[in-house]
Amino acid sequence: MALLGRIKMTKKIIQTRTAKLWLREEGIIQCEVKPNIRNELIDVIEMIDAGRVLGGGTKAPVLMDIRKAGGVSRDGRVYFSGHEACQIVSATAILIESKISQMIATFFLGFNRVPYPIQIFTRENEAVEWLKKSKPVVV
């Protein structure tokens, strides 16, 4: 389901209602979730569409910064672990800062199994180093 009409793209940064996404020079898609906004299914679909644009036809590693996130609906979590995401994601590093966000991320991982590597980090540099090992795959 493409929703690119709702997405604002300037240079190589894509802004959605709930996130800012860009392609880092290492070939990693970074998704920074905006503070205190709950992500609904429509928001997750927009993030996946933005990732598809930024990845340019390849599976890419994703750095998901949820340090200030306001949560994700159940439908959104299911979509993140579904077919559409699997077509564009080679690995995901989830960046968290608190015990609460670690519980949310652990809960997500426990109930929404994904067929690609996924890891939780508190330090961005460690997350980036881990993601560099995940090579993009042409789809």
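Which side chain meets that of Arg24 in a salt bridge with 2.8 Å from N to O? I will come to that in a moment, after a word on what we are looking at.

This is a predicted model, in which local features need pLDDT of at least 70 and side-chain atom pairs count only at pLDDT 80 or more, while totals for chains, interfaces and linings use all residues. Residues are numbered from 1 along each chain as its sequence is written, and side-chain values use heavy atoms, with hydrogens and water left out.

Now to the opening question: the partner of Arg24 is Glu124, and their side chains meet in a salt bridge at 2.8 Å, N to O. By salt bridge I mean a side-chain nitrogen of Lys or Arg within 4 Å of a carboxyl oxygen of Asp or Glu. Arg24 lies in the loop between β3 (19–23) and β4 (29–33), whereas Glu124 lies in helix α5 (residues 124–132), so the pair ties together parts that are 100 residues apart in sequence. Helices (H or I, at least four residues) and strands (E, at least two) are DSSP runs, numbered from the N terminus.

Arg24 also forms a salt bridge with Glu26, where the closest N and O atoms are 3.0 Å apart. Arg24 is buried, with a relative accessible area of 16%, while Glu26 is partly exposed at 33%, and Glu124 is partly exposed too, at 28%. Here buried means under 20% relative accessible area, exposed means over 50%, and partly exposed lies in between, with a 1.4 Å probe and protein chains only.

The search of the whole structure finds 10 salt bridges, and another of them joins Arg52 to Asp49, with the closest N and O atoms 2.9 Å apart. Both of these residues lie in helix α1 (residues 41–55), three residues apart, which is about one turn of the helix. Salt bridges that share partners, on the other hand, join Arg24, Glu26, Asp65, Arg67 and Glu124 into one network.

Let me turn to the strands on either side of that loop. Five bridges join β3 to β4, and the two run antiparallel; strands count as paired if DSSP finds at least two bridges between them. Trp22 has Gln30 in β4 as its bridge partner, and in the hairpin, which has five residues between the strands, Gly27 takes a positive phi near 85°. On β4 itself, four of the five residues are buried, so this strand is largely enclosed by the rest of the structure.

β4 also pairs with strand β5 (residues 58–65), in the parallel sense and over four bridges, and here Glu32 stands opposite Asp65. Together β4, α1 and β5 make a right-handed β-α-β unit, right-handed meaning that, with the strands pointing away from the viewer, the path from the first strand over the helix to the second runs clockwise.

What, then, surrounds the helix of this unit? Of the 15 residues of α1, 11 are buried, and the helix is mostly covered; among the buried ones are Val44, Ile45, Met47, Ile48 and Leu54. The buried residues pack against β2 (13–15), β3, β4, β5, α2 (74–80) and α3 (83–86), contact being heavy atoms within 4.5 Å. Directly after α1 comes Gly56, with a positive phi near 55°.
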